[in-house]
Amino acid sequence: MPIWSEILAELNASRQGTDRPPDFDAIRRAYLARLHRHTGRNAILYASAWLQKPDAPAPGVSIHDEDIQALMEVTHGMAGHQLDLILHSPGGSPEAAEGIVSYLRSRFRDIRVIVPHLAMSAATMIACAANAVILGKHSFLGPIDPQLALPTPLGPRFVSAHATLAQFRRAQEESVDPTKLAAWLPMLGQYGPDLLVRCETVLRLSRELVARWLDTYMLAGDDQGQQTAESIAQWLSDHDTLKSHARHIPRSELKTRGMVVSHLEDDEQLQDLSLSVFHATTHTFSGTPVVKIVENHEGRAFVKHHIVRPAPPPDPPATK
């Protein structure tokens with residue numbers, strides 16, 4: 001299996017002793033095409049650079065509505081009803097995830113989601129709409145409790161909808177004591193007129209979508225499918241149980257809960273090719289301004305860039 005350093009050596013060799021940059025696109029696409037030839041299934045890579053570029057703006061690296069346009073681009077002309085989706089994402093909008101699932105399910109009847117490392121939050125939601133999820137020992141899904149952007153004096157901050165509701169309930173209980181009310185007032189001032197309703201609604205939306213998708217696709221034909229689906233959705237959205245939105249949930253726990261999970265290493269060639277695509281992708285993120293790649297096995301791609309422009313020089317001092 002080509003490991004990270006071996007893919008880097010392959011990229012450096014593609015420069016052929018010149019000063020030109022490595023041929024990131026050619027090597028990444030070659031491995032994606034080989035994966036397609038191995039499985040005989042359509043293959044799409046969806047990955048973002050949030051680990052390599054933690055300061056990149058959230059719309060560039062997260063799941064949002066523009067991704068439907070990207071998927072329309074890369075699925076154009078694809079034949080057949082089977083799809084392998086290589087997914088690496090921190091998540092994003094549950095509403096955008098719903099749109100992505102709706103579109104992909106209108107195109108493909110049999111979808112496998114391959115997670116080479118992390119598919120978190122709304123990306124976990126998308127994985128729950130697959131017929132099966134393929135995970136390695138190093139692969140993880142995450143909780144689906146939604147995060148909301150709240151304005152603060154230091155700029156927007158993403159907070160858990162569940163944690164916001166819990167904090168408000170705690171404030172209600174403790175503010176009965178006048179000596180504690182003063183401590184809560186600055187925090188309560190951050191709550192807009194619709195925030196609590198938004199939190200309740202988006203939590204319910206995430207649970208309902210995941211339960212419905214699991215029951216319809218992954219657990220179709222299972223006599224206990226609906227009950228299992230609702231149990232999984234409740235567990236994935238339970239902040240009190242999972243404790244952190246960034247929690248890494250391994251395949252063993254997902255299987256115990258009832259999800260259909262395959263082991264990536266059961267097909268050694270699939271593992272080699274999937275991880276080679278992933279390593280080539282992370283090198284692309286590290287060596288270029290690219291922050292998101294949506295790409296198919298035929299080389300058709302939708303690529304998002306983020307270029308950091310230097311701050312303008314300060315104005316010269318005023319002269320008398």
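**Entry 1: the largest cavity.** I looked up the lining of the largest cavity and found Leu85, Val101, Leu104, Arg105, Ile111, Val113, Ile126, Ala129 and Ala130. A cavity here is a set of points, on a 1 Å grid over the protein atoms alone, where a 1.4 Å probe fits but cannot get out, and lining residues have an atom within 4 Å of a point. I note that this is a predicted model, in which local features need pLDDT of at least 70, side-chain atom pairs count only at pLDDT 80 or more, and totals for chains, interfaces and linings use all residues. Residues are numbered from 1 along each chain as its sequence is written, and side-chain values use heavy atoms, with hydrogens and water left out.

I recorded about 60 Å³ of space in the largest cavity, the volume being the space filled by probe spheres set on grid points that are joined across faces, edges and corners. The count is three cavities of 30 Å³ or more. The lining divides into eight nonpolar residues, no polar and one charged (Ala, Val, Leu, Ile, Met, Phe, Trp, Tyr, Cys and Pro count as nonpolar, Asp, Glu, Lys and Arg as charged, the others, Gly among them, as polar). Helix H5 gives the most to this lining, with three residues; H5 and strand S3 each supply at least two. Helices (H or I, at least four residues) and strands (E, at least two) are DSSP runs, numbered from the N terminus.

**Entry 2: strand S2.** I next examined S2, residues 82–88; six of its seven residues are buried, so the strand is largely enclosed by the rest of the structure. Buried means under 20% relative accessible area, exposed over 50%, and partly exposed in between (1.4 Å probe, protein chains only). Strand S1 (residues 42–48) runs parallel to S2 and is joined to it by six bridges; strands pair if DSSP finds at least two bridges between them. In this pairing, asparagine 42 stands opposite leucine 83.

S2 also runs parallel to S3 (residues 110–115), with five bridges, and isoleucine 86 stands opposite isoleucine 114. From S2 the chain crosses through H5 (residues 94–107) to S3 in a right-handed β-α-β crossover: with the strands pointing away from the viewer, the path from the first strand over the helix to the second runs clockwise.

**Entry 3: positive phi.** I checked serine 121, whose phi is near 55°. Serine 121 lies in the loop between S4 (118–119) and H6 (122–127) and is buried, at 7% relative accessible area. Lysine 243 has a positive phi of about 75° and sits between H11 (239–242) and H12 (251–257) in a loop. Lysine 243 is exposed, at 61%.

How values were computed: On a 1 Å grid over the protein atoms alone, a cavity is a set of points where a 1.4 Å probe fits but cannot get out, and a pocket is an open set with protein on both sides within 12 Å along at least five of seven lines; lining residues have an atom within 4 Å of a point.
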